Amino acid sequence: MARAEPMNVLYERVALIGLGLIAGSMGLRMKRDGLVGEIVGTARSPETRSIAIELGLCDRVTDTAAEAVKDADLVVLCVPVGAMETVTREIAPHLKPGATVSDVGSVKGAVIDAVAPHLPAGVAFIPAHPLAGTEHSGPRSGFPELFDNRWCLLTPTGDAPEAADRLARLWRAMGSNVDTMEPDHHDRVLAVTSHAPHLIAYTMVGVADDLRRVTDSEVIKYSAAGFRDFTRIAASDPVMWRDVFLNNKEATLEILGRFTEELFALQRAIRKGDGDHLHAYFTRTRAIRRGIIEAGQDTDKPNFGRGDAS
Ligand SMILES: NC(=O)c1ccc[n+]([C@@H]2O[C@H](COP(=O)([O-])OP(=O)(O)OC[C@H]3O[C@@H](n4cnc5c(N)ncnc54)[C@H](O)[C@@H]3O)[C@@H](O)[C@H]2O)c1
Ligand SMILES: O=C(O)C(=O)C[C@]1(C(=O)O)C=C[C@@H](O)C=C1
C-alpha cells in the first residue's frame with residue numbers, strides 16, 4: 001500500500017499530561033506519522049516517565065506539568081476525569097498565549113466545568129473524547145493504531161473555530177473520524193453506549209464472584225464466552241471508572257433506571273413463561289447489532305456478525 005504523502009506538522013510542540021493508554025497511543029501515532037514537531041510528556045511517577053522515554057511515547061519528559069506545557073502549542077490532558085481540575089490549576093499560569101488546551105476525558109460536561117474557568121484569556125479550550133480504548137492502562141498499554149476507524153467527539157465551547165479545526169485535523173491524521181457535539185448530549189449518549197454498560201459488566205462479574213464462594217470456583221472454571229466478555233470490560237481501570245460515574249451522575253442514573261425497568265419486564269416474562277416477549281425482545285436487539293456491523297462500526301473484529309443463525 002502506498003505511504004501517505006508527507007504533511008506539514010500540525011503543531012510544533014505538544015504536551016501530554018498523564019502518560020497512560022490514551023496519551024501513549026497518541027504519542028506513538030503522532031511520532032510514527034510525523035504529525036507534530038516535539039512531544040513533551042509528564043507523569044507523576046519517575047517510573048512512568050522513564051518507561052515513556054524507553055518506549056518512545058514522547059521525545060522528552062519533565063518532572064512537572066507546569067514545565068511540560070512551557071511553549072507548547074497544544075496541551076492534552078490525559079488524566080482521569082477527577083484529576084482534570086488540579087492539573088489545569090497547575091498548568092494555567094504557564095500556558096503559552098495562543099495555545100490550545102484539549103483533553104480526552106470520557107465525560108465532557110463536568111470536565112468543561114473543571115477546566116474552562118481556570119484557563120487564561122487567549123487560550124482556546126477544545127474538549128475531545130476518542131471513543132477508543134481497552135481494559136488496559138498505564139504507559140505500556142498504548143499502541144499507535146488505537147484510534148483507527150474510531151470516532152473522536154469534539155465538544156468545543158468557546159469561539160475558536162480555527163483551533164477546533166486544527167485539532168480535528170490531528171485526530172483525523174491519527175486515524176479517527178471526527179464529529180462535533182454539545183457536551184450534555186455527549187454525556188447522555190455515552191451514558192447509554194459506554195458508561196451504563198460498564199457498570200452492568202462490573203455488577204455481573206461482582207455477582208459471579210459472590211457465587212464463586214458458593215460454587216467453589218466453577219464460575220471461573222466453566223466461564224463461557226459471554227461472561228468472559230464481561231470480565232474484560234470489568235477489568236478496566238478502577239480510578240478512571242470511579243471518576244466517570246461520579247462525573248456523569250444524572251445521565252448514568254437515568255439509563256440505569258430504564259435498564260432496571262426492562263430487566264424487571266424480562267424477569268417477569270421468564271417467570272410467566274412468556275416466550276413471545278423474550279423472542280420479540282431478542283429479535284429487536286439482534287437487529288441493533290446487525291445495524292452496527294452494516295454501518296461498518298466493527299471492522300476491527302472481522303468474525304463478529306458472521307455465521308449466526310438466521
Ligand atoms: N481507557 C479508555 O478506554 C479511555 C478511552 C477514552 C478516553 N479515556 C479517558 O482518557 C483519560 C486517560 O485514561 P487512560 O485510559 O489513558 O488512563 P491511564 O490510567 O492509562 O493513564 C492515566 C494517567 O494519568 C495519571 N494520573 C492519574 N491521576 C492523576 C492525578 N491526580 N494527577 C496527575 N496525573 C494523574 C496516571 O498516573 C497515568 O499516567 C481519562 O480521562 C479517561 O476517562 C479513557
Ligand atoms: O473497548 C473498551 O475497552 C472500552 O471500554 C472503550 C470505551 C468504550 O466504552 O467504548 C471506554 C471508555 C471510553 O471513554 C471510550 C471507549
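Student: Let's start with strand E6 (residues 124-130): how many of its residues are buried?

Tutor: The general idea is to count neighbours. A residue is buried if 20 or more other C-beta atoms lie within 10 Å of its own, exposed if 12 or fewer, and partly exposed in between, with C-beta atoms placed from the backbone. In E6, 7 of the 7 residues are buried, so the strand is largely enclosed by the rest of the structure. Keep in mind that this is a predicted model, in which local features need pLDDT of at least 70, side-chain atom pairs count only at pLDDT 80 or more, and totals for chains, interfaces and linings use all residues. Residues are numbered from 1 along each chain as its sequence is written, while chains are lettered from A and ligands numbered from 1 in the order in which they are written.

Student: Which residues sit on each side of E6?

Tutor: Ala-124, Ile-126, Ala-128 and Pro-130 are on one side, with Phe-125, Pro-127 and His-129 on the other, and both faces are covered. The names come from DSSP runs numbered from the N terminus: helices (H or I) have at least four residues and strands (E) at least two.

Student: Which way do E5 and E6 pair?

Tutor: Two strands pair if DSSP finds at least two bridges between them. E5 and E6 do this in the parallel sense, over 4 bridges, and Thr-100 stands opposite Ala-124. Elsewhere, E1 pairs with strand E2 (residues 36-42), also in the parallel sense, over 6 bridges. There Tyr-11 faces Val-36 in E2. In E1, 6 of the 7 residues are buried, so this strand too is largely enclosed by the rest of the structure.

Student: Where does ligand 1 lie relative to the domains?

Tutor: Domain bounds come from an automatic or database domain assignment. Domain 1 (11-181) and domain 2 (185-294) both give residues to the shell around ligand 1, so the ligand lies between them. A residue is near a molecule or strand if its C-beta atom, placed from the backbone, lies within 6 Å of it. Of the 27 residues around ligand 1, Gly-18, Gly-20, Ala-83, Gly-133 and Ser-137 come nearest. Helix H1 gives the largest share, 3 residues.

Student: And which residues surround ligand 2?

Tutor: Ser-106, Leu-131, Ala-132, Gly-133, Thr-134, Glu-135 and Ser-194 do.
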